[in-house]
Amino acid sequence: MSTPGEPMNATTPTGPDPVGGPATGDEPAPGGSVSATMTQDPPRRTSRGPSKAWVSWLARRGGLAVLTLWLVSLIVFFATSALGDPVRAILGKDFAVSPERVAAIRQALDLDKPLLERYWIWLTDLLRGNLGTSLANGVPVSELIGDRVINSLFLVLLVGLIMIPLSIGLAVLSAHFRGGPIDNVIQVITLALAGVPEFVTGILLVAFFSTTVFTIFPAVTVLPVGARPWNSPMSMVLPVATLVVALVPYLTRILRSTMIEALDSDYVELARLKGIPERRVLRRHALPNTTVPTIQVTALQLAWLVGGVVLIEYLFNYPGIGATLVDSVRNSDFPMVQALTMIIAGAYVMVNLIADVLSILATPRARTEMAG
């Protein structure tokens, strides 16, 4: 029992820790005394360590990514299964006169099994890295698309290396000279180009630079056997230019708006009032605060580029996954279609995941909130 004037926590020397920690004495205070309860500090906000917070966040985002890819796999498999009978596409005219071959091919492709069982077989093979066998070539899909994937990744990488600094430079220039002639010229050009579909841009570039006006660049990519696109840089100019022209206007306009919002903020105005030169204000105060929007918008454009490259590759006969995907759809080669579609979906999910990680790393407040 406590006595008046005696410190309340002196009556429970062996009780729980005042902040809720484990008992430090040999005998715990059963039920806790009133004085012990009164001396307890308000519950403090629990915080997780950075490593645990990152693991939790990555596990949550990884789960969402897996769920997304699983839903995509459902759509891809059942959509391709509805394209038609692949055996008929394989045999052609022999389909009606060779019932034995039809039955043998159906059994080899598991087409004689129920649809859900076929999906399970396909999904488990996909998880084991077995992409199936091409119906058109009779060759494993992984052997056919390996080089194509590398070529497409190189094209996307090259476009990204040109697109990102060019868009940021134009956005900074336009925002810095807001309302002036430079800004007006950039706005008019980007607005005009943003409304032109990429395949129209590609056709116009071919008309100007590969036919009657100028004959500088090849209209299509023709490579010797075993050669890579980077061995023929001239053939990559028009595909890269088409994608850059299609993506830079939109990215520039978004980044310009973000930059102007940062330049009109209170902290930038305070920096100006302190006499800091405008270029330093732009470089040290405005630009860093546009990092996260720049990452997110750029990621969206790169994600679109992964899928949008299909049409441009087909237009210029570029040896990537785009032309292969179009040919596979035309030939009803559904193992190729399924594999390529899942690769594009996986790249899309991965680009967005990397963008989210970079956004958190670039935002101290987001890191603090994530740590709890």
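1. E269, R272 and E278 are linked in a network of salt bridges. A salt bridge here is a side-chain nitrogen of Lys or Arg within 4 Å of a carboxyl oxygen of Asp or Glu. This is a predicted model: local features need pLDDT of at least 70, side-chain atom pairs count only at pLDDT 80 or more, and totals for chains, interfaces and linings use all residues. Residues are numbered from 1 along each chain as its sequence is written, and side-chain values use heavy atoms, with hydrogens and water left out.

2. Take the E269 link. E269 pairs with R272 at 3.3 Å, N to O. Both residues sit in helix α10 (residues 266-273), three residues apart, about one turn of the helix. Helices are DSSP runs of H or I, at least four residues, numbered from the N terminus.

3. Next, the E278 link. R272 also bridges to E278, at 2.9 Å from N to O.

4. How accessible are these side chains? E269 is partly exposed at 37% relative accessibility (partly exposed lies between buried, under 20% relative accessible area, and exposed, over 50%; 1.4 Å probe, protein chains only). R272 is partly exposed at 26%. E278 is partly exposed at 30%.

5. Now a separate pair. D356 forms a salt bridge with R61; the closest N and O atoms are 2.2 Å apart. D356 lies in helix α14 (residues 334-361) and R61 in helix α2 (residues 50-81), so this bridge ties together parts 295 residues apart in sequence. R61 is partly exposed, with a relative accessible area of 22%.

6. For the overall count, a search of the whole structure finds eight salt bridges.

Key. Helix = DSSP H or I, 4+ residues; strand = E, 2+ residues; numbered from the N terminus.
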